[in-house]
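Morning, everyone. Please look at the screen.

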Amino acid sequence: MKRLRIAAVSLASLVPLGLVACSGERPTAETGPPGASRAPGASPVPGGRLVYGLSADAGGFDPTADSFASQTYSMATTIIEPLVSMDAKGEWKPYLAESVTPSADADEWTVKVRPGIAFSNGEPLDAEVVRANLEAQKASRLTSAVFAPVESVETVDPMTVKIRLRGPWVAFPNYLASQIGMMVPRASLADPEGASRKPVGTGPFLFKEYQPGSRMVVTRNPGYWRKGLPYLDEIEFRILPDSQTRAQTLEAGGIDAMGTTRDDDITRFGALKDAYTVHRAAGMAVPEYSFVLNTAVAPLDDLRVRRALGHALDRKAFSTTLRAGLTEPADGPWSKESEWYAPGGDYPAYDPARAAALIKEVEAEKGPVSFTLHTTPDPNSLQGVELAQDMWRRAGVDVAVKQADQADMVASAVTGAFNAMLTVGFSAQDPDGEYIYLHQNYARPVGDISINVSRIRDAELSTAFDTGRANPQPDVRRRAYATVQKRLRELVPYIFVDHLSTGAVIARSRVRGIGEHTLPDGSPGLPLTGQPTPYHPFGSVWLSRS
């Protein structure tokens with residue numbers, strides 16, 4: 001029986017993820033700006049084998065049934081490709097699709113499939129396959145909530161599909177760049193268990209071997225539709241959950257590249273400029289480290305308590321203590337460098353005296369304030385939780401820490417069986433990507449499965465999300481999402497701590513092309529995305545011989 005799944009587009013953003021932070025002395029070597037790569041330009045060389053270290057295994061590779069986290073995307077997207085991809089500006093571009101065209105009101109989208117593409121099992125990619133994939137996503141318990149606005153999917157001709165929506169949805173193609181837009185052949189749709197363990201797709205690599213908990217191996221697809229790609233002959237994804245072991249293995253030459261969220265790794269390897277390159281996520285791709293609060297249960301149903309927790313939390317201390325000062329404090333889901341960021345609202349600034357006064361006010365009416373804070377049991381997650389626990393206790397709140405494995409954390413989050421929980425999220429390229437996590441239509445009573453895990457219900461917040469979804473005018477959308485940020489700061493369903501820009505890919509200098517891929521139209525692709533550890537395409541990665 002498969003474990004509980006969560007309906008999401010960027011599925012990792014709903015799962016309360018344990019973060020990687022490191023104890024001990026923090027080095028401060030300069031590593032350059034986020035996204036920086038130190039490898040000099042050179043002409044790609046075909047051939048070679050890449051060994052790539054990942055922090056966790058995948059739960060399966062079937063995009064219609066398995067929850068995709070960043071490590072799953074790293075492995076699966078070597079084989080399975082989406083209809084749409086994101087360019088370096090964070091805007092969607094057709095990928096397996098030749099074109100994606102809206103109606104005048106954006107309540108219908110016509111997808112024309114790029115001709116001449118076949119799956120590695122020989123099955124052609126056509127309109128019927130696309131329709132079958134989208135119908136499978138619409139019927140899936142995993143992604144049906146995302147597809148709730150989709151009324152029907154119809155084939156117009158052998159290479160064209162029309163998607164009819166229940167209302168305007170201007171950011172719809174962004175979702176086709178995620179798991180729900182990834183295409184698999186009919187054979188995979190008919191065999192979910194097989195698709196979960198032996199993926200088949202149109203991508204630059206072919207499945208060779210998978211040993212759960214250990215490694216996955218893919219080999220070059222000689223019939224790949226993008227001529228000249230990929231460069232590598234083979235990739236081995238090695239599962240190395242312990243962050244320190246992963247870094248030591250890279251240093252010893254056992255792997256060629258790895259994903260990380262540790263500030264130690266960024267500063268240490270970044271200082272070795274001739275031997276390694278460091279690639280960091282930037283902009284909207286950077287997730288936010290936060291604590292989600294269950295607004296449907298006491299004591300966090302009281303706004304005064306939520307605001308007191310915000311006032312008691314020293315966000316700068318998290319960066320200096322846990323991230324070597326590499327991150328910036330957050331007051332919402334988007335950083336100041338994002339085009340969507342807007343000031344305004346009343347986010348609770350660090351003010352221990354105000355926090356203590358609010359708690360005393362609540363205590364006078366209702367008695368002592370106490371709650372339980374959930375986290376995964378790894379030491380790195382516990383560092384952040386214990387830091388928050390200490391700050392909140394100083395304000396007069398009795399905070400107990402409950403450790404649980406990932407599956408139990410997910411179950412607690414979606415059923416509302418929690419008070420507060422450590423989480424990492426909000427890395428969608430378009431603000432509409434957060435719609436289902438914050439809109440009141442996705443908030444359910446405690447005990448029911450709720451994608452809106454904070455269970456926040458606010459008409460102004462939800463109306464702003466509706467406006468941002470339905471209106472194509474950029475200025476109207478910006479005003480709508482300014483209102484979203486304002487209400488989040490005032491209502492505090494999340495305690496936003498910092499923008500987790502320590503998510504990075506570190507590689508030996510001979511590994512080239514990370515984050516340097518181009519899309520079929522020749523435009524640069526988005527370098528890194530995902531959370532908390534970013535991922536990237538592998539078709540353009542190559543190994544220098546020097």
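This is a predicted model: local features need pLDDT of at least 70, side-chain atom pairs count only at pLDDT 80 or more; totals for chains, interfaces and linings use all residues.

D66 sits in the loop between β1 and α1, and α1 covers residues 70-76. Is D66 buried or exposed? D66 is buried, because its relative accessible area is 0% and the cut-off for buried is under 20%. Now find S140, which is 74 residues from D66 along the chain. The C-alpha atoms of D66 and S140 are separated by 10.0 Å.

Next, the chain as a whole. How many helices and strands does the chain have? The count is 15 helices and 21 strands. The C-alpha atoms fill a box of roughly 70 × 55 × 45 Å, taken along the principal axes. For 546 residues, a compact globule would have a radius of gyration near 24 Å, and the chain has 23 Å, so the value agrees with that expectation.

Of the 546 residues, 60% count as buried. If we take contacts between residues at least 6 apart in sequence, 73% of them join residues at least 24 apart.

Now to one strand, β10, at residues 234-239. Five of the six residues of β10 are buried, so the strand is largely enclosed by the rest of the structure. Which strands pair with β10? One is β1, residues 49-54, which pairs with β10 in the parallel sense over six bridges. Within that region, R49 has E234 of β10 as its bridge partner. Another is β9, residues 215-220, which pairs with β10 in the antiparallel sense over five bridges. On that side, V217 stands opposite E236 of β10. So β10 has a parallel partner in β1 and an antiparallel partner in β9, because those are the senses of the bridges found between the strands. Our opening residue, D66, comes in the loop between β1 and α1.

Then, the backbone. Where are the cis peptide bonds I want to show? One runs from A298 to P299, with omega near 0 degrees. P299 is in the loop between β13, residues 288-293, and α8, residues 303-312. Another cis bond runs from Q531 to P532, with omega near -15 degrees. P532 lies in the loop between β20, residues 511-512, and β21, residues 542-543.

Last, two residues with positive phi. A324 has phi near 55 degrees, a positive value in a residue other than glycine. A324 lies in the loop between α9, residues 315-322, and β14, residues 328-329. Its relative accessible area is 17%, so A324 counts as buried.

V492 also has a positive phi, near 50 degrees, and is likewise a residue other than glycine. V492 is in the loop between α15, residues 474-491, and β18, residues 494-499. V492 is buried, with a relative accessible area of 0%.

That is the tour. Questions are welcome.

Key: Residues are numbered from 1 along each chain as its sequence is written. Side-chain values use heavy atoms; hydrogens and water are left out. Helices (H or I, at least four residues) and strands (E, at least two) are DSSP runs, numbered from the N terminus. The radius of gyration is taken over C-alpha atoms; the globule rule is 2.2 Å times the number of residues to the power 0.38. Buried means under 20% relative accessible area, exposed over 50%, partly exposed in between (1.4 Å probe, protein chains only). Contact means heavy atoms within 4.5 Å. Two strands pair if DSSP finds at least two bridges between them.
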